[in-house]
Amino acid sequence: EFDQVLANDGSVLQLSPLLKKLFPATRTNIVKAAGKLHATADLVHRRIVHVELTGERHSELAVARARPIVKNALYINDLGYNSYDYFGDLCAGGAELLARLKDGANPTVVEILHGVRAPKASVGKKLNDLALTASHNTFELLAAFPTSTGTVLLRVVGVRHPDTGKYHRYL
């Protein structure tokens, strides 16, 4: 249903030591010069839609935020792109996102959709304080995340890992 499914990622590349003034490396005792290759792939059309080379210290998130938001696209991002401001921008721009929620994230629950004990009593609590239903391997809820301009409302889905019993949480 999406016009594009955009996956962002960045990889560090070792460069010639002659480039150390232009592209200083983070780990200078091992590598003198390094760059970061940022790429965006459209998984629907099976093509690379953007490539950018920056210094190793340049943020993946900064590169992604400098690009225009594609309406009716699904953005798939790893933890290097984790920013509630960015997520809010994607939603405001008519896009959707799929991202892993950082372990330390603890947003405020706005609405329970599935898999939480005492759903009405859970509204207003923090995500990490919820009593999850043991009979379900998943949960789903809406939560408010703080941004620099207020809050953004995002759906949180949790899937219990069968071996560890811990929930992997996604936005």
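1. Strand 3 (residues 47-55) gives the most to the nonpolar patch, with three residues. The patch is made up of Leu 13, Leu 37, Ile 48, Val 51 and Leu 53. Together they have about 420 Å² of accessible area on the surface. Areas come from the Shrake-Rupley method with a 1.4 Å probe; for residues, only the protein chains shown count as cover. Patch residues have over 30% relative accessible area and no salt bridge; nonpolar side chains (Val, Leu, Ile, Met, Phe, Trp, Tyr) are joined within 5 Å, and like charges within 9 Å.

2. A word on the source. This is a predicted model: local features need pLDDT of at least 70, side-chain atom pairs count only at pLDDT 80 or more, and totals for chains, interfaces and linings use all residues. Residues are numbered from 1 along each chain as its sequence is written, and side-chain values use heavy atoms, with hydrogens and water left out.

3. The protein chain has three helices and nine strands. From the N terminus, the order is β-β-β-α-β-α-β-β-α-β-β-β. Helices (H or I, at least four residues) and strands (E, at least two) are DSSP runs, numbered from the N terminus.

4. Of the 171 residues, 37% count as buried. Buried means under 20% relative accessible area, exposed over 50%, partly exposed in between (1.4 Å probe, protein chains only). Ile 48 lies in strand 3. Ile 48 counts as exposed, at 54% relative accessibility.

5. Ser 122 is in helix 3 (residues 119-122). Ser 122 is buried, with a relative accessible area of 3%. Leaving aside neighbours within four places in sequence, Ser 122 is in contact with Val 109, Ile 112, Val 116, Arg 117 and Leu 130. Contact means heavy atoms within 4.5 Å. The C-alpha atoms of Ser 122 and Ile 112 are 7.6 Å apart, and the two residues are 10 apart in sequence.

6. How many salt bridges does a search of the whole structure find? The answer is two. A salt bridge is a side-chain nitrogen of Lys or Arg within 4 Å of a carboxyl oxygen of Asp or Glu. One joins Arg 65 to Asp 89, with the closest N and O atoms 2.4 Å apart. This pair links distant parts of the chain: Arg 65 is in helix 1 (residues 60-66) and Asp 89 in helix 2 (residues 84-92), 24 residues apart. Arg 65 is partly exposed at 39%, and Asp 89 is partly exposed at 34%.

7. Arg 155 and Glu 140 also meet in a salt bridge (3.3 Å, N to O). Arg 155 lies in strand 8 (residues 150-160) and Glu 140 in strand 7 (residues 138-147), so the pair ties together parts 15 residues apart in sequence.
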